[in-house]
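Please consult the sequence and structure shown here.

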Amino acid sequence: MNYFNYVNNRLSCENVSVASIAETVGTPFYLYSHKTLMRHFEVFDQAFSPIPHRICFSAKANSNVAILRALVKAGAGVDIVSGGELFRALQAGCPPDRIVYSGVGKRDDEIVFALEKDILMFNIESPQELAVINDMAGRLGLRARISIRVNPDVNPHTHPHISTGLRENKFGIDIEQSLEYYRQARELSNIDIIGVACHIGSQITDIAPFVDTLDRLKKLIGLLRQQGIDVRYLDLGGGLGITYNKEAPPHPTEYASALMAEATNLGVTLILEPGRVIVGNAGVLVTKVLYIKEGGDKHFIVVDAGMNDLARPSLYGSYHEIQPVIRQGTGRLRGDVVGPICESTDFFAKNRDLDAFKRGDLAAVMSAGAYGFSMSSNYNSRPRVAEVMVIDDEFFIIRNRESYDDLIRGEAVPESLR
Ligand SMILES: *Cc1c(COP(=O)(O)O)cnc(C)c1O
């Protein structure tokens with residue numbers, strides 16, 4: 001359920017007309033519904049209420065401080081993958097003991113930052129990273145709480161570019177070898193082992209891979225405990241999919257029930273790191289039609305947003321519904337929705353049956369709240385777009401549209417070239 005609905009043929013977000021926001025803010029812009037965001041978080045959080053758990057929102061899905069703040073206020077922690085995301089989480093007021101740090105390439109300065117802030121835990125992705133963190137903690141006179149991110153070798157049956165839990169992927173430590181690395185970690189003087197972590201991929205629409213993974217991790221936890229290694233946290237990562245088109249992912253309550261059925265009496269606090277399922281359908285990208293171009297035997301609907309603003313279709317060929325902001329009811333049009341970028345992969349829809357858009361009409365690219373703005377770039381020297389949040393009957397600009405000055409901020413011409 002979300003709060004993007006038509007009222008008298010005009011798309012509204014909660015109680016605000018999307019067209020009226022476009023008049024004030026201009027296009028393109030990302031638009032988020034606060035109520036949808038909160039509902040998605042609460043449903044997910046509630047679903048796990050029978051057991052000790054913490055929902056650590058995956059900041060990379062959408063790292064706007066206002067989005068993070070709304071979730072943190074509702075009780076979420078944050079899953080980070082960089083120093084920049086740690087900074088954002090702290091800016092959003094996230095208590096450090098709700099922050100978990102994943103990623104295969106943590107830099108020394110990022111590790112120091114996280115150690116000094118005393119985050120809940122590092123999810124370790126390689127033996128060398130473990131040694132480095134131990135070393136740095138020692139030098140700072142601090143201790144690092146860790147989980148090892150194991151690679152369970154489970155196929156999540158999702159797009160290969162967002163699959164992370166197969167042996168061939170760069171993520172995590174082979175589950176077969178992880179026991180040995182846990183033994184080594186136990187010997188390190190500045191490391192406290194507190195858990196086991198994994199993350200098998202994204203946009204997963206089937207429960208089986210999650211349950212298979214949990215089964216494998218349970219066995220590992222059993223082995224660790226036999227060795228006297230304490231496991232208090234089990235971090236199952238994120239990855240639950242959403243409906244973009246016709247996918248039928250399990251509802252969060254179904255997902256939670258399946259996991260809890262396996263995890264009760266395990267004596268751990270479960271950590272979940274959902275991103276997409278919380279924010280994906282809480283946001284849309286609003287764009288304006290610039291031109292309708294007749295190309296051979298089809299139409300091109302050229303809009304003012306591009307792959308630099310929303311990269312998913314060009315990266316994964318992913319589907320986003322495209323809806324008119326004002327329904328005209330003047331027939332249909334078949335064609336490709338494309339952006340202004342000088343790349344053939346710059347498209348939002350291919351050979352799609354659409355409303356009969358014409359120049360000047362507004363279109364909403366749906367389900368764009370996750371991996372939308374956070375993946376956007378300045379390619380083609382396009383200022384990054386504004387972000388807007390609706391709360392009930394008011395809207396708030398939560399990120400200003402960038403200016404041309406923003407584009408060259410920090411750039412400098414050597415003296416000799418002046
Ligand atoms: C990307 C990522 C997530 C979030 O994945 P979603 O599919 O958006 O739920 C969670 N944990 C880790 C370690 C990630 O890299």
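Leaving aside neighbours within four places in sequence, Ile 146 is in contact (heavy atoms within 4.5 Å) with Met 121, Phe 122, Ile 124, Leu 130, Ala 185, Ile 191, Asp 192, Ile 193, Ile 194 and Gly 195. The model is predicted: local features need pLDDT of at least 70, side-chain atom pairs count only at pLDDT 80 or more, and totals for chains, interfaces and linings use all residues. Residues are numbered from 1 along each chain as its sequence is written, and side-chain values use heavy atoms, with hydrogens and water left out.

**Nonpolar cores**

- A nonpolar core is a set of buried (under 20% relative accessible area, 1.4 Å probe, protein chains only) Ala, Val, Leu, Ile, Met, Phe, Trp, Tyr and Cys residues joined through side-chain atoms within 4.5 Å.
- The largest nonpolar core has 102 residues, of which Phe 48, Phe 122, Ile 146, Val 196 and Leu 234 touch the most other members.
- A second, separate core of 20 residues includes Ala 22, Val 25, Leu 31 and Ala 364.

**Strand pairing**

- Strands S14 (residues 283–295) and S15 (residues 298–303) pair in the antiparallel sense over 6 bridges; strands are DSSP runs of E, at least two residues, and pairing requires at least two DSSP bridges.
- Val 303 in S15 is the bridge partner of Val 289.
- The hairpin of S14 and S15 has 2 residues between the strands, and Gly 296 takes a positive phi near 55 degrees there.
- S15 and strand S17 (residues 332–338) run parallel, joined by 4 bridges, with Phe 300 opposite Asp 336 in S17.

Note on methods
Buried means under 20% relative accessible area, exposed over 50%, partly exposed in between (1.4 Å probe, protein chains only).
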